[in-house]
Amino acid sequence: MTITRNQLRKAVINAEKLGNKRDASTIRDMARNLKKWGTLTIRQAEFAKALLERNSDEKVKATEGTEKAHTNAWEELPAYREWILFLARFFSKSRQTAYLQHIQNRRSAANYVIASNIGASCPPWKHCERLLTSKLSARLRVIYDNPPIYPLGELVAIRRSEMTHWAIQQGHDKQMGFITEIEPTSVDTVGTYNKTKGGTKTYQIMFPSGSVTLRENQIKLVSRKNHNKE
């Protein structure tokens, strides 16, 4: 296959439309080499062919169709929009050490989605796709879909497994408090959902020592029967 400068110039335009900045830069270099030397090496030609296929008119048309479908869904389907925003808020604020690099690699996309929503515009599909295809999205979806398991005003305590030895020695495991707000903050921790313990949605809880925000799986119900006996 003979590679022409016109093909390369067209591929640069397509690469830019597709957001393939590195491809666009590489193809420009190839076009300059082709102009200077009049031909490409066999290896360069094979690489150029792969780049042309990756940045073809067909790929641009397919991407434009996906972008249009995404825009329509964002504007017309609140459930679609809210799920993406849930992911964006997680990746924007989470500092979970177990997945820190993975999260940081998606933070700029998350911030772009949030900024677009604040500006009442639809974020580009490429940023939303970055979040939707995350390895964490399946577990986050389970957390998102399940409603909070504790009602407002419920009496709860912190699970001993969530406390340090020092906190237990201080008697904090005996401390009880009332739920004053459900989901005061967005989810910033991913975990496996448990039917008994719940997920990682948050609660504002008023303890005698003050108000704190805790995850669902960090707290447990206090038996009012046992509490009244005390």
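I began with R139, which I found in helix 9; helices here are DSSP runs of H or I with at least four residues, strands are runs of E with at least two, and both are numbered from the N terminus. The model is a predicted one, in which local features need pLDDT of at least 70 and side-chain atom pairs count only at pLDDT 80 or more, while totals for chains, interfaces and linings use all residues. Residues are numbered from 1 along each chain as its sequence is written, and side-chain values use heavy atoms, with hydrogens and water left out.

**R139, continued.** I looked up its accessibility and noted 28% relative accessibility, so R139 counts as partly exposed, given that buried means under 20% relative accessible area, exposed over 50% and partly exposed in between, with a 1.4 Å probe and protein chains only. Not counting residues up to four places away in sequence, R139 touches Y99, V190, G191 and T192, where contact means heavy atoms within 4.5 Å. I also checked Y193, which is 54 residues from R139 along the chain, and found their C-alpha atoms separated by 7.5 Å.

**Helix 5 with helix 9.** I next took up the packing of helix 5 against helix 9, where the angle is about 115 degrees and the axes are 11 Å apart; the axes are lines fitted to C-alpha atoms, for helices over the stretch in contact, and angles run from 0 to 180 degrees between N-to-C directions. Helix 5 passes helix 9 in a right-handed crossing, a crossing being right-handed if the near helix is turned clockwise from the far one by less than a right angle, and left-handed if anticlockwise. I listed A79, E82, W83, F86, L87 and F90 on helix 5, and S137, L140, R141 and Y144 on helix 9, as the residues that make this contact. By class I noted 7 nonpolar, 1 polar and 2 charged residues for the contact of helix 5 with helix 9, with Ala, Val, Leu, Ile, Met, Phe, Trp, Tyr, Cys and Pro counted as nonpolar, Asp, Glu, Lys and Arg as charged, and the others, Gly among them, as polar.

**Helix 5 with helix 8.** I then turned to helix 5 (residues 78-93) and helix 8 (residues 125-132), whose axes come within 10 Å and cross at roughly 70 degrees. That makes helix 5 roughly perpendicular to helix 8, since angles of 65 to 115 degrees count as roughly perpendicular, those under 35 as roughly parallel, those over 145 as roughly antiparallel and the rest as oblique. Helix 5 brings Y80, W83, I84, L87, A88 and F91 to this contact, and helix 8 brings W125, C128, L131 and L132. The residues of the contact of helix 5 with helix 8 divide into 10 nonpolar, no polar and no charged.

**Cores.** I looked up the largest nonpolar core and found 21 residues, with F90, F91, V113, L131, L136 and L140 having the most contacts inside it; such a core is a set of buried Ala, Val, Leu, Ile, Met, Phe, Trp, Tyr and Cys residues joined through side-chain atoms within 4.5 Å. Helix 5, helix 7 (107-118), helix 8 and helix 9 (137-145) are the elements that give two or more residues to this core, and helix 5 gives the most, with 8 residues. Apart from this core lies another, of 14 residues, among them L8, I27, L34 and L40.

**Helix 1 with helix 2.** Helix 1 (residues 5-18) packs on helix 2 (residues 21-37) at an angle of about 165 degrees, with the axes 9 Å apart, and that makes helix 1 roughly antiparallel to helix 2. I recorded the crossing of helix 1 past helix 2 as left-handed. The contact of helix 1 with helix 2 has 9 nonpolar, no polar and 5 charged residues.

**Single residues.** S116 lies in helix 7 and is buried, with a relative accessible area of 8%; leaving aside its neighbours within four places in sequence, I found S116 in contact with S121, C122 and P123. A120 lies in the loop between helix 7 and helix 8, has a positive phi of about 60 degrees although it is not a glycine, and counts as exposed at 74% relative accessibility. I noted a positive phi also for E183, near 55 degrees in a residue other than glycine; E183 is placed in the loop between strand 2 (176-182) and strand 3 (202-207) and is partly exposed, with a relative accessible area of 39%.
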